[in-house]
Every structure is written in structure tokens, then in C-alpha cells.
Protein chains: 2
Amino acid sequence: MIIPHVRPWGGPPADLHLDGARIAAVTPSAAAGPAPLALPGFVEGHCHLDKTLWGRPWWPNAIGPEREDRIRNEQAMRGPLGLDPFREGLALCEAHLRAGTTRLRSHVDVDGESRLRHVEALLRLREHLAGRLEIQLVAFPQDGILRTPGAREWLEEALRLGCDAVGGMDPSVVDRDPVRHLDAVFALAERHGRPVDIHLHEPGELGAFALELVAERTRALGLAGRVVVSHAFALGDVPPARAEALLALLAEAGVALCSTAAPSRPVPPLRRARALGVTLFAGNDNIRDMWAPYGQPDMRERARLMGLKHELRRDEEVAWALATVTTEAARGCGFGAYGLEPGARADIVLLDAATLAEAVVSPRAPLRVVSHGREVQTSW
Amino acid sequence: MIIPHVRPWGGPPADLHLDGARIAAVTPSAAAGPAPLALPGFVEGHCHLDKTLWGRPWWPNAIGPEREDRIRNEQAMRGPLGLDPFREGLALCEAHLRAGTTRLRSHVDVDGESRLRHVEALLRLREHLAGRLEIQLVAFPQDGILRTPGAREWLEEALRLGCDAVGGMDPSVVDRDPVRHLDAVFALAERHGRPVDIHLHEPGELGAFALELVAERTRALGLAGRVVVSHAFALGDVPPARAEALLALLAEAGVALCSTAAPSRPVPPLRRARALGVTLFAGNDNIRDMWAPYGQPDMRERARLMGLKHELRRDEEVAWALATVTTEAARGCGFGAYGLEPGARADIVLLDAATLAEAVVSPRAPLRVVSHGREVQTSW
């Protein structure tokens with residue numbers, strides 16, 4: 001297959017020669033006339049396929065205001081609503097594919113109510129979508145590890161069953177013991193040789209302390225490049241000089257950050273993270289679920305939010321927002337063979353856009369999406 | 001004309017009977033089956049029709065980081081780029097209409113470079129769209145009043161020519177004299193019997209001081225309900241108790257607030273404004289212009305940002321976000337005959353949504369838009 005006369009990353013027109021699921025060669029285009037912009041498939045760096053209500057009738061949200069209310073509501077309502085992580089997750093993945101997402105990292109709840117039910121459903125989904133959408137699953141102790149009897153064993157079993165990474169969750173706020181929570185997470189990572197991705201909503205100096213603990217453990221276990229902290233709101237809370245020191249620490253330890261660019265609160269400073277060499281990538285987190293009704297399975301919308309959040313106005317800056325859903329996200333999650341060079345997997349999105357910045361801000365759907373060398377069909 | 005079997009504001013199915021450009025009666029629907037949600041036309045509370053690049057080829061932004069850089073760049077580039085406020089403004093208005101916006105407030109630059117050229121172009125546009133899109137024009141001293149020789153006279157002339165309201169701009173930061181700047185604005189408002197809408201980006205206590213000056217002048221001149229402060233970022237900067245006192249002052253003086261719900265910085269607290277009786281409505285501000293490439297002529301997208309910014313999760317809260325682009329915006333701007341009751345102008349948007357909250361979060365285009373009793377056509 002040849003994808004003729006496109007502009008990789010907005011550069012000069014080229015023909016992309018595919019060999020099965022790989023890009024075999026990129027040659028200058030001999031054709032004249034306008035050529036669409038070509039990007040590698042987008043990367044969803046953080047979502048919860050097992051929480052979404054995507055594709056279901058509207059669910060009216062009337063639950064309480066605290067995070068704990070949302071955790072309890074979700075556990076209580078899964079059964080009565082008849083949610084099916086495979087079915088809803090598949091609907092969300094198909095929408096993601098149509099919008100050009102070809103790699104995705106999902107956390108999957110491992111708690112006292114779901115135990116390994118969600119893990120098993122999303123492992124089936126990963127298998128079902130193999131060769132079309134690459135999925136990483138993070139075994140996620142939404143309800144803590146220490147305070148939930150059995151959680152450690154379920155996490156262990158989730159990794160044995162095939163989860164790609166170990167998750168963690170607000171080690172001080174949820175389990176009331178940051179050291180033992182993180183020790184449990186990193187012990188699992190070490191024993192199973194898996195990367196780590198920790199939800200850290202903890203604010204200010206409490207969250208900053210957790211970041212220090214994560215950096216120490218990453219260094220001690222030689223896990224540089226294999227550890228992500230998601231949200232890391234603390235980096236938006238502490239004074240700039242303290243944030244700077246923490247970012248330097250994370251850069252040195254090889255810890256990456258995942259951000260939703262939440263409009264509602266300070267977030268890790270993208271400009272400083274870039275300057276100090278910290279990989280910072282984007283994820284949608286909740287999409288239309290019992291936590292919040294917002295979100296779209298569309299990484300360009302998330303890149304727009306990233307641009308708005310960090311006031312990326314100049315074209316070269318808007319391209320940084322695009323990087324958070326492409327190259328940075330592939331690096332942060334460890335998705336290999338990424339890009340538009342020979343040898344990369346043939347995940348290609350064609351867009352009607354003059355430049356990378358226009359690709360971010362234009363809401364027009366992709367002209368064409370190719371995943372693993374195959375045309376993405378609406379019927380997928 | 002009858003618009004049969006719709007759910008006004010998500011309520012029970014009804015038929016809307018139109019008499020020309022008005023809603024004449026609302027009667028219960030006898031039909032069975034699903035009915036679309038009906039809302040009144042959306043209100044764009046703050047935009048700049050004379051700045052947008054909408055409909056033009058992509059313009060690569062490479063200008064400096066300061067607000068002053070953006071003001072200077074804009075003045076310098078209008079000529080070389082061949083911008084036409086009528087043409088680009090019309091393209092933006094047509095897109096707005098298709099997305100269901102039927103009332104719009106635009107600021108229009110009055111500065112040493114444009115003088116009355118933009119005012120004249122947008123007055124022509126207002127005339128051109130009469131009976132289809134209701135436009136209010138605010139004569140806007142983007143480059144200050146005191147520091148720009150002639151500005152006061154051009155503003156006066158803009159009002160004489162037909163601008164609906166008097167604008168103002170960061171009275172301490174731009175003109176370096178908050179009292180005399182605001183006195184000039186309010187003197188024009190008083191002399192011409194026009195409402196006021198002031199851009200106030202000034203942060204912290206500097207902006208808070210300007211809010212106090214605005215409230216004092218609004219009270220002194222009996223302008224309650226006719227004064228808007230746009231942005232008012234200071235209300236997001238000062239400590240909660242101070243913000244609370246300022247909101248009480250604005251409520252008592254009858255000063256409304258317009259917000260873009262900017263993801264990049266603290267903004268006026270919507271929950272507290274509602275609780276204290278301050279009208280707070282939404283506007284897009286810049287849409288695809290030389291200031292920033294973001295934004296869409298779609299008030300539901302702005303409502304989504306409002307919901308994300310203020311963490312409006314429960315359905316009843318998400319409906320507050322919708323109010324910022326409907327009822328609150330009509331009240332804040334003084335657009336009359338607004339709503340879906342008999343006597344209201346027949347500006348009606350039909351949406352495929354179960355509830356008001358779904359109307360906010362779903363990106364699906366309207367099923368149908370009626371403005372001034374007439375079907376909105378794509379060819380408008």
C-alpha cells in the first residue's frame with residue numbers, strides 16, 4: 001500500500017510506502033497540488049475504559065461533591081446499571097480509532113467490588129482489538145491497597161493475567177501511608193518487571209512529598225523511563241522555585257508526567273517541564289462516566305485544552321500541545337515503533353490542515369485513519 | 001409555523017406556535033415518541049468580530065509573548081494581510097448561526113490605526129444580518145482612551161453612528177489612570193444613555209480596586225443592570241473572603257460579569273456569583289485571530305469549558321453552564337424577548353439530547369435552528 005502525496009508532520013510532500021503493518025519507506029512526492037498533513041496515530045495516555053458510559057443512554061448525575069462520594073457511587077451503581085466494561089470500553093475505543101487514536105493506556109479498577117472482573121473484561125477487549133488499537137492496561141487500586149483487604153493479591157494476579165503496568169492512588173489521602181503504599185506498588189513492579197503509573201491528585205506539599213518518594217524509588221530500582229505520575233497537581237500548587245526543583249528531580253530520576261490540562265485547577269507547568277527535560281504527555285482521564293460527563297475520545301480536543309491551559313499561542317508552541325498526544329505520549333507510555341519513519345508501525349492520520357498548529361485547533365474530523373497498515377472503518 | 005413535538009428546556013413535549021418572528025403559543029404535544037430538546041437561541045456574550053481570521057487561510061503566529069506585543073502586531077498586520085472586518089465577521093456570524101447563536105455582543109476596536117473604520121464595517125454587518133442575527137456593538141478602546149489622542153472623540157462618534165454600548169480597557173495598566181479612564185467611559189455612557197462593558201484583565205488587588213470604582217460609578221449614575229465587567233480575573237485572584245465581598249458589592253450595584261472560563265488562570269467563581277445574585281455569563285472572546293488560534297463559534301463548546309472550569313458535574317450544575325450562554329447572557333447583555341414563552345422572539349434550537357446536561361456535553365450539531373421565526377440555512 002502507498003499513501004501518496006502527504007505532508008509528514010507538515011513537511012514537504014512525500015509518499016508513504018507501507019509493508020503490511022510497517023512503514024517501509026518515505027519518498028519525495030512527484031505529484032503537484034495540495035497534500036494533506038500526515039501525523040502518526042494519536043496516543044491516549046490516560047483513560048478508564050472500564051468506567052465510561054459511552055454509547056449508553058444519558059445517565060443523570062446527582063451524586064455528592066467529594067471524591068469519596070464518587071468512588072462509593074461507582075461501586076454501588078455498576079451492578080444496578082448493568083455496566084459492561086467490554087461493551088462500553090469497545091464503544092469508546094471505536095470512537096477513538098475514528099478520531100485517529102491508535103495507541104491507548106487505560107487504567108482498570110481493581111477494588112473490593114470489581115476484584116478482577118474489570119481486568120478480565122479489558123484483557124478480552126485488548127485481545128479483541130489486537131492489530132487495530134494497541135492497548136496498555138494499568139492495574140489500578142482505585143480504592144487503595146493497604147486499606148482494602150486482598151487488594152495486593154488481586155493486583156499481583158492482574159499482572160500475572162497480563163496487565164502491562166502497576167498503578168497507584170493518592171498514597172497519603174487514600175491509604176493514609178505514603179511510604180507503605182508506594183513500597184507495595186514498586187515491589188509489584190520489581191517482582192513482575194512492569195512499569196508504574198500512579199494517580200497523584202494530592203495537593204501542595206503533600207503531593208510534592210509523594211513525588212520525592214516516587215523519584216527515590218524509581219532511582220533505587222533503576223526504573224528510569226518506566227515510571228509515570230498522572231495528574232501531579234502538586235507541581236501546579238507549590239511555588240515556582242519548588243516546582244522547578246521537583247521537575248529537576250523527576251528529570252534526573254526519569255519519571256514522566258501525564259496531565260489532562262484540567263481547566264479547573266493548577267497543573268504541572270508544561271513550559272518548564274519541557275525546558276527541564278521532563279516528558280509530559282496528555283490523557284483524557286474520565287470520558288462521559290459517573291465521575292464527570294465531559295470529555296471526547298479525540299486526542300486533538302485534549303491537545304486544544306493543553307494549548308489553552310498553557311497559553312500556547314505561537315505556532316511553534318501549539319505544536320508542543322500536539323506533541324503531548326503524539327511523540328511525548330508514546331515516549332512516556334513506552335509505545336515502540338512510533339512515528340512516520342521507515343520501521344515505524346503504519347499508524348497514520350491524514351488531516352485537512354496547513355500546519356501542525358491548525359491540526360490542533362481545527363475540529364474537522366480526520367480525512368483518513370490507518371492503523372497497523374489497515375484502513376480504519378466506521379464499522380469497526 | 002408550528003414546531004411540533006419538542007421538549008422546551010427538556011420539559012414535557014409541546015408544540016411551539018410561531019407568529020412571524022414571535023412565539024405566539026406553547027401547547028402540550030399530542031404526538032407520541034421521542035421529541036428533541038428545544039432551547040432558545042444561544043447568546044454570544046463577548047467576541048471581537050473585527051479581529052477574527054475566520055474563513056481565511058491559516059495565519060502562522062510568531063509574535064511576542066506580551067499583551068502589548070499582540071496589540072502592536074494586530075495594528076501593524078491588519079493592512080498587509082488585507083483583513084476585512086465585514087467579510088471575516090460575516091463568516092464568523094454565519095458559523096455562529098448554524099451552531100444556534102442568534103444574539104451576539106461584539107466589541108469593536110476604536111484605536112489610532114482603525115479609528116472608525118471597524119465601527120463602520122460592523123455597523124454595516126449588523127444591518128446586513130438584521131432579522132437573522134441580533135448584534136450589539138461595544139465601542140472598544142483597545143489601545144486606551146487617555147493615552148491615545150482622539151480616542152475620546154472617536155468613541156463619541158462611534159456611539160453617534162449607532163454603537164450600542166461603551167467599552168473600556170484595563171484602566172490602570174493601559175491608561176495608567178483608573179479614575180480618569182473610568183470617568184471617561186461612564187461620562188460617555190451617561191451622555192449617550194448607553195450601557196457599559198469594560199475589559200478588565202488586571203490581576204489581584206489592582207483589578208479589585210477597578211471593580212470597586214466601577215461599582216461606585218454604576219451606583220452613582222443609576223446604571224444598575226446596564227454595566228458588565230468582562231473577564232474580571234481579579235475575582236479569581238484575591239482570597240475567597242475578599243472575592244465574596246466584591247461579589248456582594250457587584251450584586252448590590254447591579255454589575256454583571258462576563259467570563260470565558262479561561263483554562264489558563266483563576267476566573268470569577270461561578271458558584272459564588274450565582275449564590276450572591278451576580279449575573280455571570282459566557283463569551284468566547286478571541287476566536288481564531290492574531291491573539292490566539294483557539295475558539296469555535298459554538299456557545300455549547302464555551303458552556304462545556306465553563307462546566308469543566310467550575311467542576312460542574314451533577315446534572316443540575318451542568319445546567320448552570322448552559323444558563324451562562326442562554327438566560328444569564330440575555331440578562332447580562334440586555335437582550336429582550338428572550339426565552340421559549342409566548343411573546344419571546346422565535347429563536348429556537350432543536351437538539352438531539354435527553355437533558356440540559358447532555359445538550360451541553362454532546363458535540364452533535366443542532367438538528368434545526370430557527371432565528372427570528374425563520375429557518376437558518378447553511379447558505380446564509
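This is a predicted model: local features need pLDDT of at least 70, side-chain atom pairs count only at pLDDT 80 or more; totals for chains, interfaces and linings use all residues.
Q: Which radius of gyration does chain A have, and what would a compact globule of its 380 residues have?
A: The C-alpha atoms of chain A fill a box of roughly 65 × 50 × 40 Å along the principal axes, and 55% of the 380 residues are buried. For 380 residues, a compact globule would have a radius of gyration near 21 Å.

Q: Which element of chain A has the lowest mean pLDDT, and which the highest?
A: Chain A as a whole averages a pLDDT of 96, and 99% of its residues score at least 70. The chain has 13 helices and 15 strands. Among the elements, the lowest mean, 87, belongs to helix α1(A), residues 67-81, and the highest, 99, to residues 255-259, strand β11(A).

Q: Which residue of chain B has the C-alpha nearest the axis?
A: The axis in question is that of the 180° rotation which superposes chain B on chain A. In chain B, the nearest C-alpha lies 2.1 Å from this axis and is that of Pro263(B).

Q: Why do the copies meet through the same surface?
A: The contact takes 30 residues from chain A and 30 residues from chain B. The copies meet through the same surface because the interface residues of chain B are also interface residues in chain A, and the share for which this holds is 100%.

Q: Which element gives the most residues to the side of chain B that touches chain A?
A: The contact takes 30 residues from chain B. The elements giving two or more residues to this side are α10 (299-309), α11 (315-323) and α13 (356-361) of chain B. By class, the side has 17 nonpolar, six polar and seven charged residues. The most, five residues, come from α10(B).

Q: Which strands of chain B stand at the edges of the open sheet?
A: The open sheet has seven strands with mixed pairing, in the order β3-β2-β1-β4-β13-β14-β15 (chain B). Two of these strands have a single partner each, so one side of each is left without a neighbour in the sheet. They are β3 (22-28) and β15 (374-375) of chain B.

Q: Which residue of β13(B) stands opposite Pro40(B)?
A: Strand β4 (residues 37-40) of chain B runs antiparallel to strand β13 (residues 348-351) of chain B, joined to it by four bridges. In this pairing, the residue opposite Pro40(B) is Ile348(B).

Q: Which residues of strand β13 of chain A are buried on one side and which on the other?
A: In chain A, four bridges join β4(A), residues 37-40, to β13(A) in the antiparallel sense, and Leu37(A) stands opposite Leu351(A). β13(A) also pairs antiparallel with strand β14 (residues 368-371) of chain A over three bridges, where Ile348(A) stands opposite Val370(A). Both faces of β13(A) are covered: one by burial of Ile348(A) and Leu350(A), the other by burial of Val349(A) and Leu351(A).

Q: Which residue of β4(A) stands opposite Pro8(A)?
A: Leu37(A) and Leu39(A) point one way from β4(A), Ala38(A) and Pro40(A) the other way, and all are buried. Strand β1 (residues 2-8) of chain A pairs with β4(A) in the parallel sense over two bridges. Opposite Pro8(A) stands Ala38(A).

Q: Is Val214(B) buried or exposed?
A: Val214(B) lies in helix α6 (residues 204-220) of chain B. Beyond its neighbours within four places in sequence, Val214(B) is in contact with Leu182(B), Ile198(B), Val227(B), Val229(B) and Val255(B). Val255(B) is 41 residues away in sequence and 8.2 Å away in space, C-alpha to C-alpha. Because Val214(B) has 28 C-beta neighbours inside 10 Å, this residue counts as buried.

Key. Residues are numbered from 1 along each chain as its sequence is written. Chains are lettered from A and ligands numbered from 1 in the order in which they are written. Copies are superposed by least squares on the C-alpha atoms of residues with pLDDT of at least 70 in both. Two residues are in contact if their C-beta atoms, placed from the backbone, lie within 7 Å. Two strands pair if DSSP finds at least two bridges between them. The radius of gyration is taken over C-alpha atoms; the globule rule is 2.2 Å times the number of residues to the power 0.38. A residue is buried if 20 or more other C-beta atoms lie within 10 Å of its own, exposed if 12 or fewer, and partly exposed in between; C-beta atoms are placed from the backbone. pLDDT is the predictor's confidence in each residue, from 0 to 100. Ala, Val, Leu, Ile, Met, Phe, Trp, Tyr, Cys and Pro count as nonpolar, Asp, Glu, Lys and Arg as charged, and the others, Gly among them, as polar.
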